[in-house]
Amino acid sequence: MSRKPIRYLSLCGLLGYGYTLAGLKRALQEELDFIGVDAGSTDPGPYYLGSGKGFVKKLQVKRDLELILPEIKSRKIPLIIGSAGGSGAKPHVQSVLDIISEIAKEKNLSFKVAVIYSDLSKEFLLEAANGHLFPCGGAPEFVAEDALKLSNPVAQFGTEPIIEALKGNPDIIVAGRCCDTAVFASYPIAKGLPAGLALHAAKIAECGALCARPVGANDSLLVEIGEDYFTVEPPNEERACSPESVAAHSLYEQPDPNCFYEPEGKIDLSNCSFEALTPRKVRVTGSALVPAEKETTKLEGAKMTGFRAITIAGLRDKAAIAHLADIEAGVRRSVAESANFVKEGEYALRFLRYGVDAVTGQNEINTVPPCEVGLVIEAVAPTQEQADALIGLARSKALHQSFPERKATAGNLAFPFSPSDFSGGAVYEFALYHLTDLPLKFTVTELEIK
């Protein structure tokens, strides 16, 4: 017995990044089974997980949701949001629930919401630290005492918790930290379609229209999955998918062109075929899942390491640019002599020289000095007051620092802003970026929002 194809809309590459109204209008002409959108990433760094704040702002998220919530309600199809709030910990999830509640009140709507939390307890972390944590992506070995220092640690789950949540027929699923593919693969897998195809299609769909040309994560993608194929097409007629663009996006963030890995196992792409059905629509076949022999779950956690302050300035003096290393060394010495309010070794100064080597660092081989350089100086210290004072010292020392071939005593730096110094707040670093082989249970909580 053949199964009915599943059609869904990936709203955009990340909740809050936006999508075109023309594309949405065209997509809603289709008979959709669900709408999905990923909301999370570790790309912006550990601050957002550690602080409990979102890297996409409330007004961005509200714009994307308030257009689609009345549509999923009237069509009686679920909306699945993954890694809610950016990092998927409880405060991030709550921020999205608050926005949904605000929209529900404004539009006189009610929603049955399934919430999946992925937060980790200290008891679990202490147990996992005892031989059940394995570094992921080049992370160092986990330091056991960090188990009690982590802010908002989470587990990144796969499709199973979302499949469980779908059984309750919710209007909306708000998931904590989960794999991007889980947002889009769970529904087709729950309906009995092949997991390999569902996960490969989800890998394409998670970034919205990024697989189309012109490239853009700020637009939607239509996906259809059958028993032996899936198709992708951007509803915005100004974009188009081609076999080359879709095949290229299959490699997105992956080191091996023949496969990628999810909690469910290895998705084998070695027998994939990409075919243009129209000038804008591509059909994919041949994706297969090789189930994982051992179940593991990725864990993420950040710890606070201090407070940051920065200053930004520009240089155009050729001699100063040629002697940036001398200026930096002099500033470090002068700050160490003057900063009696913080112990040496308890603070850090960093100099980013844009136009010279701020991006590539020691890999930069260009020996021709540029005509101007942007200098960012960062201070990190145990308290914000100390960081602010350090950056004030470093800025003033750099402004008047001596260097070889200097001919004038005027300032070395041009400041584009007043005030010139900025308090950056708490600094976090990833301390937990590991796999665990311990079993985890993710519970589904049902809410009524109106």
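Before I quote any volume: a pocket here is an open set of grid points with protein on both sides within 12 Å along at least five of seven lines. Also for the record, I'm working on a predicted model.

**Entry 1, largest pocket.** I looked up the volume and got about 1100 Å³ of space in the largest pocket. There are 42 lining residues, and Q156, E253, Q254, E262 and K298 sit closest to the centre. Elements giving two or more residues to this lining are α7, β10 (259-262), β11 (265-268), β15 (297-315) and β18 (421-436). I noted that β10 gives the most, with 4 residues. By class I have 19 nonpolar, 11 polar and 12 charged residues in the lining.

Two or more residues come from each of α6 (160-166) and β15, and α6 gives the most, with 4.

I traced an open, mixed sheet of 10 strands in the order β12-β13-β9-β8-β1-β2-β3-β7-β4-β19. Edge strands β12 (273-276) and β19 (444-449) have a single partner strand each, so one side of each lacks a neighbour in the sheet. On average, neighbouring strands are turned by 20 degrees against each other, direction ignored. At the β12 end, I found antiparallel pairing with β13 (282-285) over 4 bridges, and S273 has T285 as its bridge partner.

Helix α3 (58-75) lies across β2, β3, β4 and β7, at about 140 degrees to β3.

Technical notes: Residues are numbered from 1 along each chain as its sequence is written. This is a predicted model: local features need pLDDT of at least 70, side-chain atom pairs count only at pLDDT 80 or more; totals for chains, interfaces and linings use all residues. Side-chain values use heavy atoms; hydrogens and water are left out. Two strands pair if DSSP finds at least two bridges between them. Axes are lines fitted to C-alpha atoms, for helices over the stretch in contact, and angles run from 0 to 180 degrees between N-to-C directions. Contact means heavy atoms within 4.5 Å. On a 1 Å grid over the protein atoms alone, a cavity is a set of points where a 1.4 Å probe fits but cannot get out, and a pocket is an open set with protein on both sides within 12 Å along at least five of seven lines; lining residues have an atom within 4 Å of a point. Grid points are joined across faces, edges and corners, and a volume is the space filled by probe spheres set on the points. Ala, Val, Leu, Ile, Met, Phe, Trp, Tyr, Cys and Pro count as nonpolar, Asp, Glu, Lys and Arg as charged, and the others, Gly among them, as polar.
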